[in-house]
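Here is a brisk report on one structure. It covers a pocket and some helix packing.

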Amino acid sequence: MNKLVIVGTVAFDAIETPFGKTDKILGGAATYIGLSASHFNQDATLVSVVGGDFPQKHLDMLSEKKLDISGIEVVKEGKTFFWSGKYHNDMNTRDTLATELNTLADFNPVVPESYKDAELVMLGNLHPLVQASVLDQMTSKPKLVVLDTMNFWMDCALEELLNVIKRVDVITINDEEARQLTGEYSLVVAARKIFEMGPQYVVIKKGEHGALLFHKTHIFSAPALPLESVFDPTGAGDTFAGGFIGYLAQTEDFSFENMKSAIIYGSALASFCVEKFGTERMEHLEKTDIEARLHQFKTLTQFKID
Ligand code: AMP
């Protein structure tokens, strides 16, 4: 069984979509990645930080999903990272209303001793120096490092971000962020420019329009499942990343061919995430739900050409 280290935020989110509004609910990149990856046969730890205001029930829920939470530091006198966002009517774009780093501002991640030799590392969205510090703590070179990031870090820590991007195998990023990072409109050209920064594989997420996987001159396109109801896209990108790396950890095959399947798994898991607010749908997802949806993906994309 492959071991997986996941670093990212464990957070409070307040979300507004055309369908409603939430108060502070459970969120965070590492939360979504972990919940998604927990559906695969691997051994994962979450490395993150929360404040004394973080309810124990959320930590218990993550443990119940068989995620190791010994790498989540609780700063009793601190406050948990808080993010608030408002989605536009198309649900594909959003405005960030608040990002309060709180305990994340001076977070020194500590990878649990028993995970320092993990085969896979998922650098979820947070400060690039924290992402780099996790890589520095690994005692043996991971077989695969995947990095996710967002425009916030491009705006406030670009140099540090470019330094950590150099050290990863796969980057997952959304279309808008790929354009911001490279200054290129064409996603094909943007992916080529990202190859020059270090990663050999580039995954560009396009929200309800699916995802693209680039490697050398190869491109693979995965659709997003057309859904009747999308309530809240928050965490879909992280859920996608969790499904992607979870599947790779389970299959222990990091080839381009297998990454194509991983992208479909990631897309299938992300399609559940958006059906309810916050983590609710992901907390109650069953294996049979995933299997049925993978089947839908298959029928959606199969066709014959004579
Ligand atoms: P996604 O919708 O996949 O981009 O992820 C949304 C999650 O990312 C939310 O649950 C937030 O708590 C978290 N998040 C938002 N902004 C940041 C940030 N600047 N750094 C790390 N995590 C963030």
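How many nonpolar, polar and charged residues are in the lining of the second largest pocket? The lining has five nonpolar, three polar and two charged residues. The model is predicted.

## The second largest pocket

The second largest pocket holds about 250 Å³ of space. Its lining is formed by H39, F40, N41, Y247, Q250, Y265, K287, I290, E291 and L294.

Two helices, α8 and α11, each supply at least two residues of this lining. Helix α11 spans residues 287-301. It gives the most to the lining, with four residues.

## Helices α1 and α8

Helix α8 also packs against another helix. Helix α1 covers residues 29-37, and helix α8 covers residues 236-251. They pack at an angle of about 40°, with their axes 7 Å apart. That angle makes α1 oblique to α8. The crossing of α1 past α8 is right-handed.

From α1, the contact draws on A29, Y32, I33, S36 and A37. They meet D238, T239, G242, G243 and G246 in α8. By class, this contact counts four nonpolar, five polar and one charged residues.

## Helices α9 and α11

Helix α11 has a packing partner as well. Helix α9, residues 256-273, packs with α11 at an angle of about 115°. Their axes lie 10 Å apart. Here α9 passes α11 in a right-handed crossing.

On the α9 side, the contact is made by I264, Y265, S267, A268, L269, S271 and F272. On the α11 side, D289, I290, R293, L294 and F297 take part. The contact has eight nonpolar, two polar and two charged residues.

## Helices α3 and α5

How do α3 and α5 run, and what joins them? Helix α3 spans residues 128-137, and helix α5 spans residues 158-165. Their axes come within 8 Å and cross at roughly 30°. Angles under 35 degrees count as roughly parallel, so α3 is roughly parallel to α5. The crossing is left-handed.

P128, L129, Q131, A132 and L135 represent α3 in the contact. Their partners in α5 are E160, L161 and V164. By class, the contact of α3 with α5 has six nonpolar, one polar and one charged residues.

Key
Residues are numbered from 1 along each chain as its sequence is written. This is a predicted model: local features need pLDDT of at least 70, side-chain atom pairs count only at pLDDT 80 or more; totals for chains, interfaces and linings use all residues. Side-chain values use heavy atoms; hydrogens and water are left out. Axes are lines fitted to C-alpha atoms, for helices over the stretch in contact, and angles run from 0 to 180 degrees between N-to-C directions. Angles under 35 degrees count as roughly parallel, over 145 as roughly antiparallel, 65 to 115 as roughly perpendicular and the rest as oblique. A crossing is left-handed if the near helix is turned anticlockwise from the far one by less than a right angle, and right-handed if clockwise. Contact means heavy atoms within 4.5 Å. Ala, Val, Leu, Ile, Met, Phe, Trp, Tyr, Cys and Pro count as nonpolar, Asp, Glu, Lys and Arg as charged, and the others, Gly among them, as polar. On a 1 Å grid over the protein atoms alone, a cavity is a set of points where a 1.4 Å probe fits but cannot get out, and a pocket is an open set with protein on both sides within 12 Å along at least five of seven lines; lining residues have an atom within 4 Å of a point. Grid points are joined across faces, edges and corners, and a volume is the space filled by probe spheres set on the points.
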